[in-house]
Amino acid sequence: MTRKRILVPFVVAVCLGTGAARAQIKAEHPRHCVMSVGPTQMMFSAFQENGTDEIFCRHVPSLGPTIIILDAQQVELRDMNIEIRVLRSVGQKDWRDDLDANTVAVLPPKKYLADKGTASFTHNFVSEGNYVALVRATSDDGAKEYVGQYDFSVGDTVEWYVALGLMSLVGAVAALGMWRRRRNAPRAQAGKRVG
């Protein structure tokens, strides 16, 4: 009986922890997904073309066609030529290391942000893993160059499962603590009445 009392809340907590992790992914919004591009900022967001309206930032859950959107926060970027790359993150120390070999998608330099301050493109992710969105902004005269990087993962990466496991464990410990507190509360009240 004692094992059952401990096991049931633990299983419930793990399930709630997993649900909370999924809810967090659903609740992600671009305003939380900001990357610095020199002294300016851009918002990164991704949508998967599967009929949902979920917005993703740090983790895109599955492979396939994904729309990546970059929104400029400052007007200065609208006047600059923007080069956008998606790089495979293979532990390179600098984004220039094996740039062409690590590039999976590239938009050549152009004033993508001139009209609305937003650039978007679709990339079909065929490999799970970690990626970097790289933005290079250059002025027409070449006097200014800003570079920004945004790390994200796609698919079932080991890091994602570790994070999910840790969140589940924290949820389980919290649920177990609440269950013990509630279980001990009637005993404490009964002891006060007797005394």
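User: How do β4 and strand β7 pair, and over how many bridges?

Analyst: In this predicted model, β4 and strand β7, which covers residues 118-125, pair in the antiparallel sense over eight bridges. Within that pairing, T66 stands opposite H123 in β7.

User: And which sense does the pairing of β2 and β4 have?

Analyst: β2 and β4 also pair in the antiparallel sense, here over seven bridges, and the bridge partner of A46 in β4 is I68.

User: How many residues of strand β4 are buried?

Analyst: Seven of the nine residues in strand β4, which runs over residues 64-72, are buried, so the strand is mostly covered.

User: Ok, changing topic. In what order do the strands of the open sheet come?

Analyst: The open sheet has five strands in the order β3-β9-β8-β5-β6, and their pairing is mixed. At the edges stand β3 (59-60) and β6 (103-110), and because each has a single partner strand, one side of each is left without a neighbour in the sheet.

User: What about β8 and β9, how do those pair?

Analyst: Strand β8, residues 129-138, and strand β9, residues 145-154, pair in the antiparallel sense over ten bridges. One of the bridges involves G129, whose partner in β9 is V154.

User: What sits in the loop between β8 and β9?

Analyst: S139 is one of the residues in that loop. With a relative accessible area of 14%, S139 is buried, because the cut-off for that label is under 20%. A polar atom of the S139 side chain lies 3.2 Å from the backbone nitrogen of A143. If residues up to four places away in sequence are not counted, S139 touches M80, N81 and K144.

User: Back to the strands, where does Y150 lie, and is Y150 buried or exposed?

Analyst: Y150 lies in strand β9, and Y150 is buried, with a relative accessible area of 2%.

User: Which residues is Y150 in contact with, apart from its neighbours in sequence?

Analyst: Leaving aside neighbours within four places in sequence, Y150 is in contact with C33, V34, M35, F44, C57, R58, Y131, V132 and A133.

User: How many aromatic pairs does the structure hold?

Analyst: The structure holds five aromatic pairs. Among them is the pair of F44 and Y150, which is stacked, with 4.5 Å centre to centre and 20° between the planes. Because F44 lies in strand β2 (residues 40-48) and Y150 in strand β9, this pair ties together parts that are 106 residues apart in sequence. F44 counts as buried, at 0% relative accessibility.

User: Why is the pair of F125 and Y131 edge-to-face?

Analyst: The ring centres of F125 and Y131 are 4.9 Å apart and their planes stand at 70°, so the pair is edge-to-face, given that the label applies to planes over 60 degrees apart. F125 and Y131 are both buried.

User: Which residues do the ring pairs link into a cluster?

Analyst: The cluster consists of F44, F125, Y131, Y150 and F152, linked by ring pairs.

User: Last topic, the whole protein. What does the secondary structure come to, and what pattern does the protein follow along the sequence?

Analyst: The secondary structure comes to three helices and nine strands, and read along the sequence the pattern is α-β-β-β-β-β-α-β-β-β-β-α.

User: What share of the residues is buried, and what does the accessible surface come to?

Analyst: Buried residues make up 35% of the 195 residues in the protein. The accessible surface comes to about 11,800 Å², and 55% of that surface belongs to carbon and sulfur atoms. On the contact side, residues 24 or more positions apart account for 68% of the contacts that have a separation of 6 or more.

Methods:
Residues numbered from 1 in each chain as written. Predicted model: local features only at pLDDT ≥ 70, side-chain atom pairs only at ≥ 80, totals over all residues. Heavy atoms only, no water. Pairing = 2+ DSSP bridges. Helix = DSSP H or I, 4+ residues; strand = E, 2+ residues; numbered from the N terminus. Buried < 20%, exposed > 50% of the residue type's maximum accessible area, 1.4 Å probe, protein only. Contact = heavy atoms within 4.5 Å. Areas by Shrake-Rupley, 256 points an atom, 1.4 Å probe, with all protein chains shown as cover. Phe/Tyr/Trp six-rings, centres within 6.5 Å; stacked < 30°, edge-to-face > 60°. Polar contact = N/O pair within 3.5 Å; in protein donor to acceptor, adjacent residues only side chain to side chain.
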